[in-house]
Amino acid sequence: MKTILELENVTRRRDDKLLLKDVNWRVQRGEHWVLYGLNGAGKTSLLDLINAYFFPTEGKVTVLGLEFGKTYLAEKLRSQIGFVSASVQQKLPTYDNAYEVVLSGAFASLGLYQETTEEIDQKGVEILRDLGCLDYANRNYHTLSQGEKQRVLIGRALMADPELLILDEPTAGLDFIAREELLESIATIAQKPDGPTIIYVTHHIEEILPEFNKTLLLKAGEVFASGDTAELITSERLSDFFDMPVNVVWSNGRPLLSKAKS
């Protein structure tokens with residue numbers, strides 16, 4: 001089984017602040033991971049590291065077979081990673097329509113400036129169709145609802161056939177219906193045998209889909225626990241994680257979290 005990423009004893013400091021401490025994490029091809037942590041847990045620092053926006057202060061990082069510090073890897077690495085986040089959304093030009101935003105993913109550019117081919121155009125149409133976006137393909141991206149924008153961003157990320165797809169809190173700001181529709185699209189991607197390995201970043205337990213068979217719990221920049229989702233997302237384990245009693249109930253393959261009555 002191919003190793004998608006491996007972090008060995010990774011520590012990251014910025015000035016006098018410790019952002020990550022002794023992080024060990026291995027993601028294998030075919031696994032789909034949840035990266036779960038509260039605000040300030042270090043999730044963003046970990047994602048920035050995986051995307052080679054900085055190198056670790058200590059430890060070893062290998063992503064998609066590229067070891068940090070041994071080659072100039074930033075552009076090559078990011079072309080193989082599909083990254084969906086609010087920061088990407090904010091950088092897109094105001095004049096592109098949804099279809100153009102998706103096509104720009106073939107060039108890893110923020111905006112469509114290159115000449116496309118018939119093959120690229122057709123692939124963009126197929127992705128839009130698969131994600132249920134065809135009805136608004138010609139609408140200006142910035143006029144779309146938040147849920148529609150997220151679908152388009154995922155489509156953009158899929159254009160380059162990434163080996164790794166990172167979804168950074170993709171349901172933020174969505175109502176229940178829009179959230180569930182987006183999660184259905186993500187589940188469809190996860191079920192494809194030739195699809196990318198997914199890292200789904202969240203601080204909402206109820207968003208954990210049955211397809212996310214692995215979980216990493218991050219707390220204060222350290223790995224609290226990692227492994228099989230069913231073994232980690234339990235009342236006992238999360239009570240320890242939160243330092244307060246909680247209840248976890250599984251329904252339709254997904255967990256629901258509530259504070260335990262005292």
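Visitor: How do you know that helix 6 and helix 7 pack at an angle, and what is that angle?

Guide: In this predicted model, helix 6 (residues 146–158) and helix 7 (residues 176–191) pack at an angle of about 15 degrees, and their axes are 10 Å apart.

Visitor: Why is helix 6 called roughly parallel to helix 7?

Guide: Angles under 35 degrees count as roughly parallel. The angle here is about 15 degrees, and that makes helix 6 roughly parallel to helix 7. The crossing of helix 6 past helix 7 is right-handed.

Visitor: Which residues make the contact?

Guide: Helix 6 contributes Gln150, Arg151, Ile154 and Leu158, while helix 7 contributes Glu181, Leu182, Ser185, Ile186 and Ile189. By class, the residues of this contact divide into five nonpolar, two polar and two charged.

Visitor: What makes helix 1 a mostly covered helix?

Guide: A residue is buried when its relative accessible area is under 20%. Of the eight residues in helix 1, six are buried, namely Lys43, Ser45, Leu46, Leu47, Leu49 and Ile50. Helix 1 (residues 43–50) lies across strand 1, strand 2 and strand 4, and runs at about 60 degrees to strand 2. After helix 1 comes Ala52, with a positive phi near 65 degrees.

Visitor: Why does Ile50 count as buried?

Guide: The cut-off is under 20% relative accessible area. Ile50 has 0% relative accessibility and therefore counts as buried. Leaving out residues up to four places away in sequence, Ile50 touches Leu5, Trp25, Val63, Phe68, Leu77, Ile81, Leu164, Ile166 and Ile199.

Visitor: How far apart are Ile50 and Leu5 in sequence and in space?

Guide: They are 45 residues apart in sequence, and their C-alpha atoms are 8.1 Å apart in space.

Visitor: What is the strand order of the open sheet of four strands, and what is its pairing?

Guide: The order is 2-1-4-5, and the pairing is antiparallel. Strand 2 (17–28) and strand 5 (66–67) each have a single partner strand, so they stand at the edges, and one side of each is left without a neighbour in the sheet.

Visitor: How do you know that strand 1 and strand 4 are paired?

Guide: Pairing requires at least two bridges between the strands. Five bridges join strand 1 (residues 3–14) to strand 4 (residues 58–63), and the two run antiparallel; they therefore meet the criterion for a pair. Within this pair, Leu7 stands opposite Val61 of strand 4.

Visitor: Which strands stand at the edges of the open sheet of six strands?

Guide: That sheet has the order 6-7-8-3-9-10, with mixed pairing. Strand 6 (81–84) and strand 10 (222–228) stand at its edges, because each has a single partner strand. On average, neighbouring strands of this sheet are turned by 15 degrees against each other, direction ignored.

Visitor: What joins strand 9 to strand 10?

Guide: Strand 9 (residues 214–219) pairs with strand 10 over six bridges, in the antiparallel sense. Leu217 has Ala225 of strand 10 as its bridge partner. Helix 7 packs on this sheet, touching strand 3 (32–36), strand 7 (164–168) and strand 8 (197–202), and its direction makes about 150 degrees with that of strand 8.

Visitor: Which residue takes a positive phi in the hairpin of strand 11 and strand 12?

Guide: Asn252 does, with a phi near 55 degrees, in a hairpin that has two residues between the strands. Strand 11 (residues 246–251) and strand 12 (residues 254–259) run antiparallel and are joined by six bridges, and Ser251 stands opposite Arg254 in strand 12.

Note on methods:
Residues numbered from 1 in each chain as written. Predicted model: local features only at pLDDT ≥ 70, side-chain atom pairs only at ≥ 80, totals over all residues. Heavy atoms only, no water. Contact = heavy atoms within 4.5 Å. Axes fitted to C-alpha atoms, helices over the stretch in contact; angles between N-to-C directions. Parallel < 35°, antiparallel > 145°, perpendicular 65-115°, else oblique. Left-handed = near helix turned anticlockwise from the far one by under 90°. Nonpolar A, V, L, I, M, F, W, Y, C, P; charged D, E, K, R; others polar. Buried < 20%, exposed > 50% of the residue type's maximum accessible area, 1.4 Å probe, protein only.
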